[in-house]
Structures are given as structure tokens and as C-alpha cells.
Amino acid sequence: MQRHLADLQKRLGAVPPKRVLFVVWTQPLISVGKDTFIADALRHAGAVSIVNAEQYWPQVSLEEVARLQPDFLVFSASHSEAVFLPAVDVLAALPGWSIVEAVSNRRIAVISEAVNRPAPRIVWAIEDLARQLHPDAFVEKPESRKERLQKDNPSPNLQPLRILLSRQTPRRLK
């Protein structure tokens, strides 16, 4: 898991974090506080919550969300994004939500409910969110000629030979 997260951090490197609102509940609007494992997951995915609260599950006003204008709204769902996106239309129809640009521009990220539990599967939810927020970081660059040659003709692993040779005792000349 740590290696997977480290690889993810290499990909995201210098990419500026997206400002997001992680929506736990819509009525009343509840998000995540800054000291929760979900806020940590957001940071690993290249995001930062617009909610900077000490409470773990703060209630947020729609006016505050409209003032802060997150880049994305993030939801966790056990269903696929295709099933969830019609719910965005319902959300947009609620009073006030249309002034949130992320809603009107349909910048919604839906990730697995695995993000709701501090368990090993959370790593895949983090990667999924990172891919939705920063798709350019996951576009594979073409290999250079040198990289292709190294991949097609890997250098032999000489470590076992070095270990074997280091165990040999030198012979003495008489």
C-alpha cells in the first residue's frame, strides 16, 4: 500500500491540488474536517478540502460553498459514476446549488465507498479520485528509444554472482 501511494505521489509531483468539497450528506450539507482520514485521502489524491474545520463531520452552509467555489464536488458511492450522475441533476435542481460552478459545469468526482473506511481498499479509491481530478498526470508518455532498448534488453542481474565471488576465500601462493 505504501509503495502504491508513493508511486501515486510521484505521478502527482508538482501538480497543484484541486480544491474540493467532499459531500458526506446533502441535506443538511455535511463534509469532512481537516483531521479525518478522508481529508488525508484527499491530500494523497492531489486535492485539498475547502472545509477547514476542526470538527470531524462539520455541517457547511451552501452560502459558504458558493463563496469558496470548489473545483470539484466529491461523492462516495457504491454504484458506478454512470448511475450516480443523474443524481447531480437532482442536486443542481435544489435551491442554491446552481450557483456552485462545480455543479453547473458538472465537475463531479464519484469514487468507491472504500474511501469511507480506513482499510487497504482505500488506496484504490484514492487513485481513482486522483485519476478523475488530474487525468493529465496519468497519460503515459511515449518511451524514448533508450528506455525501449533497456526494457527489451534488460541488463543481467549480477548480484548473485557478486555474492558468490565475495564468499570465495583467496588462495595463497607458496
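Axes are lines fitted to C-alpha atoms, for helices over the stretch in contact, and angles run from 0 to 180 degrees between N-to-C directions. The model described here is predicted, so that local features need pLDDT of at least 70 and side-chain atom pairs count only at pLDDT 80 or more, while totals for chains, interfaces and linings use all residues. Residues are numbered from 1 along each chain as its sequence is written, and side-chain values use heavy atoms, with hydrogens and water left out.

Helices (H or I, at least four residues) and strands (E, at least two) are DSSP runs, numbered from the N terminus, and two strands pair if DSSP finds at least two bridges between them. An open sheet of four strands is found in the order 4-1-5-6, with parallel pairing. Its edges are formed by strand 4 and strand 6 (108-112), each of which pairs on one side only, and the twist from one strand to the next averages 40°. Strand 1 (residues 18-22) is joined in the parallel sense to strand 4 (residues 47-49) by three bridges, with K18 opposite A47. Strand 1 also runs parallel to strand 5 (residues 72-77), again over three bridges, and here L21 stands opposite L73. Between strand 5 and strand 6, which run parallel, there are five bridges, and A77 has S112 of strand 6 as its bridge partner. Helix 6 packs on this sheet and touches strand 1, strand 4, strand 5 and strand 6, its direction making about 160° with that of strand 6.

Helix 6 also packs against helix 1 (residues 2-12), at an angle of about 10° and with the axes 10 Å apart. Because angles under 35 degrees count as roughly parallel, helix 1 and helix 6 are described as roughly parallel to each other. In this contact (heavy atoms within 4.5 Å), H4, L5, L8 and L12 of helix 1 meet V123, W124, I126, E127 and A130 of helix 6. By class, the contact of helix 1 with helix 6 has seven nonpolar residues, one polar and one charged, where Ala, Val, Leu, Ile, Met, Phe, Trp, Tyr, Cys and Pro count as nonpolar, Asp, Glu, Lys and Arg as charged, and the others, Gly among them, as polar.

A cavity is a set of points, on a 1 Å grid over the protein atoms alone, where a 1.4 Å probe fits but cannot get out, and lining residues have an atom within 4 Å of a point. One cavity of 30 Å³ or more is counted, and the largest cavity holds about 40 Å³ of space. Its lining includes F22, I111 and V115, and three of the lining residues come from helix 6, the largest share. The lining has nine nonpolar residues, with no polar and no charged ones.

Key: 1 Å grid on protein atoms, 1.4 Å probe; cavity = no way out; pocket = protein on both sides within 12 Å on 5 of 7 lines; lining within 4 Å. Points joined across faces, edges and corners; volume = space filled by probe spheres on them. Parallel < 35°, antiparallel > 145°, perpendicular 65-115°, else oblique.
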